[in-house]
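Here is a walk through one protein model, from a charged surface patch to a set of paired strands. Keep the sequence at hand as you read.

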Amino acid sequence: MCKTCKGKFYMTTAIAYTSGKPHIGNTYEIVLADAVARFKRQEGYDVYFQTGTDEHGQKIEVKAKDAQIAPKEYVDGVAGQVKEIWDMMNASYDNFVRTTDADHELQVQKMFKRMYEQGDIYKGYYEGLYCVPCESFYTESQLVDGKCPDCGGEVQYEKEEAYFFKMSKYADRLIEYINEHPEFIQPVSRKNEMMNNFLIPGLQDLCVSRTSFSWGIPVDFAPGHVVYVWLDALSNYITKIGYDADGESSELFQKLWPADLHIVGKDIVRFHTIYWPIFLMSLGLPLPKQVFGHPWLLQGEGKMSKSKGNVIYADELVDFFGVDAVRYFLLREMPYDNDGVITWELVVERINSDLANTLGNLVNRTIAMSNKYFDGVVADANVTDPVDSDLKAVVSAARDKVAEKMDSLHVADAVSEVFVLFKRCNKYIDETEPWVLAKNEAQRDRLASVLYNLVEGISIGANLLLPFMPQTAEKILSMLNDRERDFDELAAFGVRENGIRVTDAPEILFERLKVDEVLEKVEALNSAALQQSDGDAVPEGVIDITPKAEITFDDFDKMQFQIGEIISCEEVPKSKKLLCSQVRIGSQVKQIVSGIKKYYSAEEMVGKKVMVLVNLKPATLAGVVSEGMLLCAEDADGNLTLMTPEADMPSGAEVC
């Protein structure tokens, strides 16, 4: 809200690829973009915020085939899932695009033909290494250990007829543009990467059509060809606001283009800052003003991946913590340039320290004291103290500090500035001690001024919190019986009118959480998830365990498994869990210590034929040397049973 409109602000996100449900790392981008959009609206900009889904490509064609449904049916389902998550996270987008929309497909065809007719696209053959998940071609030198440099997956050799875009035709012009517009690619580290790794070494021509699959926008003058992903997907930023390749673009396009900000993940900055600008140059259109490549949100120490089994989804987090708590964590914990980390423990820690203590406790105490001492009526009696000046200075300066951080897209720092305000309010309570003032009738007017200052400070802080935690900010303003203020008012302390009551029943904004209880619930959630695979129930009586890293046959071949016969067994004196067995394996006898006393007595062990890992390095357990390992199976409750051969096998027989 602002008295004077500052002009248009067109911003976009990368469009989510509809190969599957987006995880919390994907969801971070929409929350980040939404915070920027909301803040720009608050500043007074006429914001148009666009997001959506990218729905063509070989990977989707394969997934749809595996699911035994048509590709369109497949992407309809995933696109609906993406939109549902974006809406759940309270994203205030103006347009949700889909690249299967007819108006988009028509314009992509027209753009492709125009580029071809003006000589920017030509037909040839592609021969090289291709990664299906990333939908990218690579040279041998670009591979890492023979695999895709982006996802680490397998690549396959492909040769097919294709159309290519002459990237080199525009490369020098793009280099010049980047040098003349240092703000174009942010952070600077991304700009340096694009210049040093791609542009300066020289661009290869880009494959812009495919013939090895059919799920894409047809090239209307070349049967069998479909438009390749990046020319299709990137074009959404203009096609979906009314661009027309024949020169009949809409008023909305004329108003909005060029985009003021593209927000994308750091892994696709190359496509948005090299391919996309060159396509725009080919069409004779101005380039977007800025592309921001945000870092990744990592689970623990690694990038989230379904194949790694370390995926956290937004709806799971929201079920535990609520939308605004998740928004807060994502925005507060993600650095400007370097990757951020999310774990369940970190989320709980941040909620307890910042949301329950700093914010929730502040609001609750202030409202409670206002009700206790003044029946909820907040009125400034103009009794001041030197300590008031610092509080008012911190609160009045917060707006401009937040704006400065947001203008440079240091969103985590902007959120932090809002909480500096709240922390200062908490300190003010400790400094003024309202409960002490309340004991002295002569200090009643001073107490009234203290509580007014607190309510006013919280109200300004809540207004500044609106872009980041909109539901929470609205609750606070409602409990204070205050309003969403004009942006110009947020640097002015004392706008609240005297005599307005606060609520008589303040809501607990955020409960303190116990890490152990949350982790216990998470474990239960994961256990339930393990009982389903691709929507199919796992048969009763089976369990899944966390997978270990893959090994090669050479790794397996290093281990020697044989059948052993237990010839004697006794308890280990210093242990409640261990049995010590003498195991005959062929012509030799090995001493093996095992933690199975709970399940087997020493007497019943004698005579058993068991499977043994023979060449395990000796170790000392409870003072007894163990020269191997007896193999056991363990159920979900931790019960053990020895692995024994189905038929009688001689001692020393190899297990292979």
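**From helix to sheet**

Glu520 lies in helix α19 (residues 515-530). Helices (H or I, at least four residues) and strands (E, at least two) are DSSP runs, numbered from the N terminus. The model is predicted: local features need pLDDT of at least 70, side-chain atom pairs count only at pLDDT 80 or more, and totals for chains, interfaces and linings use all residues. Residues are numbered from 1 along each chain as its sequence is written, and side-chain values use heavy atoms, leaving out hydrogens and water.

Glu520 counts as exposed because its relative accessibility is 58%. The cut-offs are under 20% relative accessible area for buried, over 50% for exposed, and partly exposed in between (1.4 Å probe, protein chains only). Asp516, Glu517, Glu520 and Glu523 form a patch of negative charge on the surface. Patch members have over 30% relative accessible area and no salt bridge; like charges are joined within 9 Å, nonpolar side chains (Val, Leu, Ile, Met, Phe, Trp, Tyr) within 5 Å. A salt bridge puts a side-chain nitrogen of Lys or Arg within 4 Å of a carboxyl oxygen of Asp or Glu.

Now the strands. Two of them pair if DSSP finds at least two bridges between them. Strand β5 (residues 121-131) runs antiparallel to strand β7 (residues 156-165), with ten bridges. Gly124 faces Ala162 in β7. Tyr130 stands opposite Gln156 in β7 and also opposite Phe137 in β6.

β5 and β6 make a hairpin with four residues between them. In its turn, Glu135 has a positive phi of about 50°. Three bridges link β5 to antiparallel β6 (residues 136-138).

Notes:
Areas by Shrake-Rupley, 256 points an atom, 1.4 Å probe, with all protein chains shown as cover. Lys, Arg positive; Asp, Glu negative; His and termini not counted. Charge placed at Lys NZ, Arg CZ, Asp CG, Glu CD.
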